[in-house]
Amino acid sequence: KFMSLLHTLDRLFEQDPSIDEVGFLHEWDSAAAAAGGAPFVLESHKLGLTFEAMVPLYASAHALLMSLRRAAGLGKPGDPQQMASATRALVLVNAGLGTAWNERKRLLQRGQLEVPAELQFTALVLTKHPKSLEPWAHRRFCLEHGGLHHSADALRAELALCQALAERYAKNYYLWTHRQWVLEQLTSEGSEPVLQFELQQTVQWSRHHVGDHCAYHHRAVVQTQLCELWADHSMAKVFANPEPCAVSSSSSSS
């Protein structure tokens with residue numbers, strides 16, 4: 001019965017690959033669930049997990065994960081689809097489970113998961129667990145592994161994701177830390193307009209979220225990056241066009 005919950009969850013993701021939000025449900029329609037085969041709700045790309053289903057779902061997924069890890073330790077090839085299925089269920093319920101995220105990193109490194117799909121899945125997890133460190137760290141790994149940390153379009157998409165989640169979940173240290181990491185990747189000459197825009201964004205944000213100290217710290221970081229950028233440009237101009245130092249008459253006479 002418990003494994004059937006995991007299989008049903010797999011079928012829901014196959015049925016709708018564009019699921020973009022997940023939530024937990026306190027109450028559910030037992031008749032509708034019976035018709036659907038399990039206490040899950042999927043509607044308009046939104047997935048609902050009932051509290052009644054979460055415990056057995058988590059237990060079965062964790063048992064499968066441990067079984068696959070033991071088999072791997074004995075040198076037996078595991079099923080990557082089973083590993084992806086088990087870890088998906090686990091982090092949907094408990095996004096702080098580093099073991100599951102590490103297994104997903106291995107799947108990515110072996111080419112058994114695709115970076116765009118994993119970024120989509122991580123964004124889904126963050127709709128329910130935006131203040132968990134692990135999905136943000138995993139997202140940075142995905143960007144670096146896929147070489148997207150050098151893509152301006154991908155980085156701007158990250159800023160848009162941060163902005164959207166910050167609007168829903170304020171005072172989010174890990175979100176703002178990720179946002180700073182994104183800006184640090186924008187080290188090309190075209191980074192100044194992005195930093196200027198980010199500075200303006202924080203002005204608007206701070207006016208409406210006075211108590212969000214993470215945003216104020218982020219603003220200070222952006223200001224520092226701009227000052228460093230301007231200083232580098234100024235020094236480059238000095239070395240490119242050196243001018244003789246003017247010596248005052250009093251200095252020369254002495």
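These legends describe close-up views of a predicted model. Residues are numbered from 1 along each chain as its sequence is written, and side-chain values use heavy atoms, with hydrogens and water left out. Local features need pLDDT of at least 70 and side-chain atom pairs count only at pLDDT 80 or more, while totals for chains, interfaces and linings use all residues.

**View 1. Phe-24 and Phe-51 form an edge-to-face pair.** A search of the whole structure finds three aromatic pairs (rings of Phe, Tyr and Trp, its six-membered ring, with centres within 6.5 Å; planes under 30 degrees apart are stacked, over 60 edge-to-face, the rest tilted). In this pair, the ring centres are 5.8 Å apart and the planes stand at 70°. Phe-24 belongs to strand β1 (residues 21-25) and Phe-51 to helix α3 (residues 51-73), so the pair ties together parts 27 residues apart in sequence. Helices (H or I, at least four residues) and strands (E, at least two) are DSSP runs, numbered from the N terminus. Phe-24 is buried, at 19% relative accessible area. Phe-51 is partly exposed, at 37%. Buried means under 20%, exposed over 50%, and partly exposed in between (1.4 Å probe, protein chains only).

**View 2. Tyr-173 and Tyr-174 also pair edge-to-face.** Their centres lie 5.5 Å apart, with 70° between the planes. Tyr-173 is exposed, at 54%. Tyr-174 is partly exposed, at 31%.

**View 3. Strand β3 (residues 46-50) pairs with β1 and with β2.** Strands pair if DSSP finds at least two bridges between them. β1 and β3 run parallel, joined by five bridges. Strand β2 (residues 40-43) runs antiparallel to β3, with four bridges. Leu-49 in β3 stands opposite Phe-24 and is also the bridge partner of Phe-40. Two residues separate β2 and β3 in their hairpin, and Ser-44 in the turn has a positive phi of about 50°. Four of the five residues of β3 are buried.

**View 4. Two charged side chains sit over rings.** The criterion is NZ of Lys or CZ of Arg within 6 Å of the ring centre and within 35 degrees of the ring normal. Arg-88 lies over the face of Phe-13, 4.3 Å from the ring centre. The charged end of Lys-105 sits over Phe-141, 5.5 Å from the centre of its ring.
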